[in-house]
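Here is a short report on how one protein chain is packed. Look at the picture, then read on.

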Amino acid sequence: MDLIPAPLSSVRLQDQDFPLDRSTTLTAPPALAGAERWLRTALTAATGLPLGPGRSGEGIELVHDETLAGEAYRLSVRPGRVVVTAGGPAGALWGAQTLRRLLGPDAYRRAPLRATGWVLPGVDIEDAPRFGWRGALLDVARHFLPKADVLRFIDQLSAHKLNVLHLHLTDDQGWRVEIKRYPKLTELASWRERSMVGYRSGQRRDDRPHGGFYTQDDLREIVAYAAERAITVVPEIDLPGHSQAAISAYPELGNTDVVDTAALGVWTDWGVSHNVLNPSEGTVRFFEGVLEEVLELFPSEFVHLGGDECPKEQWKDSAAAQERIRELGLSNEDELQSWVIRHFDRWLAERGRRLIGWDEILEGGLAPGAAVSSWRGYGGGIAAAQAGHDVVMCPEQHVYLDHRQAPGAEEPIPVGFVRTLEDVYRFEPVPAQLDEVAARRVIGTQANLWSEFMDSARDVDYRAFPRLAAFSEVAWSALPTDPAERDYAGFERRMESHRAVLDALGVEYRPVDGPHPWQRRPGVAGRPIEGPPPAL
């Protein structure tokens, strides 16, 4: 049983297999109806078997046991009966995913390749996740990904028991969410004239317009589709930096006494634009309006507001921004950024939500109640956890999957840290510096896919996989916390058969022997760093 991610425990039972045929039934109580519906849809498509409803005690049965944790499940396969016992809807879905995996790679196809020969091996499995937040960030701002590709990515996450899709919806290079009260955000800010090819400023442009956005109904569909697969979609609206696209549509949002914001377009460079939001009451009200519509679309507990990489030069040069600092009784521009984050932290809390932001929100004082995505290493997460704040660990040195996965000029645009499949497998989200109390503040971990160099679903596949499979085991399984003690050889053996699952899902992952022919091209040097990650 080459399961990825590995379960807590599994026992293979000889002579206890369960064959599926046209008489096999699938039953569940109302509380687990969503998992039942998903499993029937997936298996009927792959096997051609009807899997109609049956009676309790026969066929495949989902059972609700409230004594289990919500994401925990047990799976028992015997000749006369298959039982998935789950603590809640999510646990039932994860048990159903494991059941599908036991049927082999062909169970991941959308049409049957054979009419017979579907057999579940006799097993006893007990399973539950290590972390409650097992996430992947998908940046659809730098390069827009059509809705169908986002739905496909959700299927990939669910197949690996990852339960958070962090959707990066806005940035300097594009705005991707329809806001009905501010229509120019999608009429103007969702398209840029061209894009950089490569990493460094001054590289050639492709002179091809790029853009797109999701309607509110598109986003409702994405959220509902994800929820059916036990995934929460966390939206990110980046502020007060990474906002040139919004400023290009509504110039009054920028620092108009410093720069001619009416002349700005959606940014066509990668990196960080110096054009940031002004801190006026009008701008605050504008983004409250944006967030009112965002909250209606996304029911997630957390809303990500970025808060990262906000250059302060315009605020330093702006008489209006300096007056705002004095008016608010602040000392400097760092405190002004903290004030913005604190304001929206309170605003979200009043509406029953929680703010999460990148670790720059620590600068100038951490917003009470806010959670931190620790991306610049472990340091921000350590400081936040020790101060009693929840943390999602996603250090770029370890789990930025847009970074290259092997050295060599053949890797497409070889930017960033070299992080191999083994490197990702040996990533440990909880720093050893944290005591037991602070360690409990690490609510999870996340792999990030920034899309400057990914302009299609094929590129996302290549960058994400197979490393996202290794990450799923880090996030789900009870691996040794000492990375050196992890059985990478065993994982690699299981990965050999798991590649057949990825093939059936249509994932164009990086082959073992190097890039696909369509990916092989001379790389554009970014900031290559060889060897082990630097000290954090």
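A residue counts as buried when its relative accessible area is under 20%. Keep that cut-off in mind. The model is predicted.

**Helix α2.** Start with residues 89–102, which form helix α2. Twelve of its 14 residues are buried, so α2 is largely enclosed by the rest of the structure. Among them are G91, W94, Q97 and R100.

**Helix α11.** Now move to residues 379–386, helix α11. Its buried residues are G380, G381, I382, A384 and A385. What do they pack against? They meet β18 (371–374), β19 (391–393) and α14 (436–439).

A glycine with a positive phi comes just after α2, and another just after α11.

| Helix | Glycine just after | Phi |
|---|---|---|
| α2 | G104 | about 100° |
| α11 | G388 | about 90° |

**The cores.** The largest nonpolar core has 117 residues. Those with the most contacts inside it are L165, W175, L185, I237, F287 and V290. Which helix gives the most to this core? Helix α7 (residues 281–297) does, with eight residues. A second, separate core has 35 residues, including L3, L20, L75 and A92. A92 is also one of the buried residues of α2.

Take L165 as a close-up. Leaving aside neighbours within four places in sequence, L165 is in contact with residues including A136, L138, F153, I231 and V234.

How values were computed: Residues numbered from 1 in each chain as written. Predicted model: local features only at pLDDT ≥ 70, side-chain atom pairs only at ≥ 80, totals over all residues. Heavy atoms only, no water. Helix = DSSP H or I, 4+ residues; strand = E, 2+ residues; numbered from the N terminus. Expected span 1.5 Å × (residues − 1). Buried < 20%, exposed > 50% of the residue type's maximum accessible area, 1.4 Å probe, protein only. Core = buried A, V, L, I, M, F, W, Y, C linked by side-chain atoms within 4.5 Å. Contact = heavy atoms within 4.5 Å.
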